Amino acid sequence: MISRKGFTLIELLVVIAIIAILASILFPVFAQAKEAAKKTACLSNAKQIGIASQLYINDWDDTFPPQSEREISGSNYYWRWWWWSVDIDLSTGKGKINKTGGLLQPYLKNHVIEVCPSTPDNVVDGYYNIYTTDPKANNSYGLNSNIAYNRATNYSQWERPSESVFVADAARQYNGTVYTATEITPPGGTSTLNGASVQGRHNGDTANFVWLDTHAGSKKIVYAATGQHSAADLQKKQRLGYLPGPGGLAPLNVNPKVNFYYDYTKPE
């Protein structure tokens, strides 16, 4: 008599249980590996922006590219990222060289690198309540506000460029909505913390930074505590924080080193 062997119900359940356990172990690892790849791609994007900007600086007598331009077209507001000019065609990302506007596109070449692959889906294109008809974020990076607002217009003004932040993962929140941002600001004001602008969108609340000497890396950001900012809890939920200087996170009038990474004149 021929006997036939097969899995019993118990054996089948054991195999399924083992597969489920392995899946529960491996899936988070796969997710972390995927995010690590996105973080690396994001860092590469920021690095390329930094290098392209240095090429621009060398060609334009030590002068930084302009921070942004705004064009009003009908009822729509288009915020220009700081290497664009008003001659840019939003549908193609291409434009004519505008020496006055300081178009950086010939140095950048690729419009795609303006967007970090880890940018959260809730980040809306625009700045505060000014936005385009396309809600998808079209840039993910912000420029040091001390450069963006022309407080230091020349590269040679900066002491210790390797310790001065240039570009970083950026976003801002306004009335509960997270928008793209064109600048990152120091972690303080005259008496209280101002709006958070660095987004820790990568694993472990880290953000990617490019420094003025074009070296790039990741740093863990910190968040405002309740009492330091009225929207502290919301900012933390949206992963919007600060890059503190060696003096820590405090108002600017408490410790001059708080603004260490943003200022072109370094404290001794």
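Where is Thr214 found? Thr214 sits in the loop between S10 and strand S11 (216-220), where helices (H or I, at least four residues) and strands (E, at least two) are DSSP runs numbered from the N terminus. The model is a predicted one, so to speak of local features takes a pLDDT of at least 70, side-chain atom pairs count only at pLDDT 80 or more, and totals for chains, interfaces and linings use all residues. Residues are numbered from 1 along each chain as its sequence is written, and side-chain values use heavy atoms, with hydrogens and water left out.

Thr214 has a positive phi of about 75 degrees although it is not a glycine. Most residues other than glycine have a negative phi. Thr214 is also buried, at a relative accessible area of 16%; buried means under 20% relative accessible area, exposed over 50%, and partly exposed in between, using a 1.4 Å probe and protein chains only. Arg160 is another residue other than glycine with a positive phi, near 50 degrees. Its place is the loop between H3 and S5, and at 33% relative accessibility Arg160 counts as partly exposed.

On the whole-protein level, there are four helices and 12 strands. Buried residues make up 43% of the 268 residues. The protein exposes about 13,900 Å², with carbon and sulfur atoms supplying 57% of that; the areas come from the Shrake-Rupley method with a 1.4 Å probe, and for residues only the protein chains shown count as cover. Take the contacts (heavy atoms within 4.5 Å) between residues at least 6 apart in sequence: 63% of them join residues at least 24 apart.

Now for the strands, which pair if DSSP finds at least two bridges between them. Three of them form an open sheet in the order S3-S7-S6, with mixed pairing. Its edge strands, S3 (123-124) and S6 (172-174), each pair on one side only. S3 and strand S7 (residues 177-179) run parallel and are joined by two bridges, and Val123 stands opposite Val178 in S7.

Strand S5 (residues 165-169) has five of its five residues buried, so it is largely enclosed by the rest of the structure. Strand S4 (residues 141-144) runs antiparallel to S5, with three bridges between them, and Tyr141 has Asp169 in S5 as its bridge partner. Three bridges also join S5 to strand S10 (residues 206-211), again antiparallel; here Val167 is partnered by Val210 in S10.

Tyr141 and Val167 turn up again in the largest nonpolar core, where they are among the residues with the most contacts inside it, along with Phe64, Ile147 and Phe166. A second, separate core of 15 residues includes Ala170, Ile221, Leu243 and Tyr261.

That leaves the cysteines. With a disulfide taken as a pair of cysteine sulfur atoms within 2.5 Å, the count comes to zero. Cys42 is in no disulfide, its nearest cysteine sulfur being that of Cys116, 3.0 Å away. Cys42 is buried at a relative accessible area of 0%, and Cys116 counts as buried too, at 2% relative accessibility.

Notes: Core = buried A, V, L, I, M, F, W, Y, C linked by side-chain atoms within 4.5 Å.
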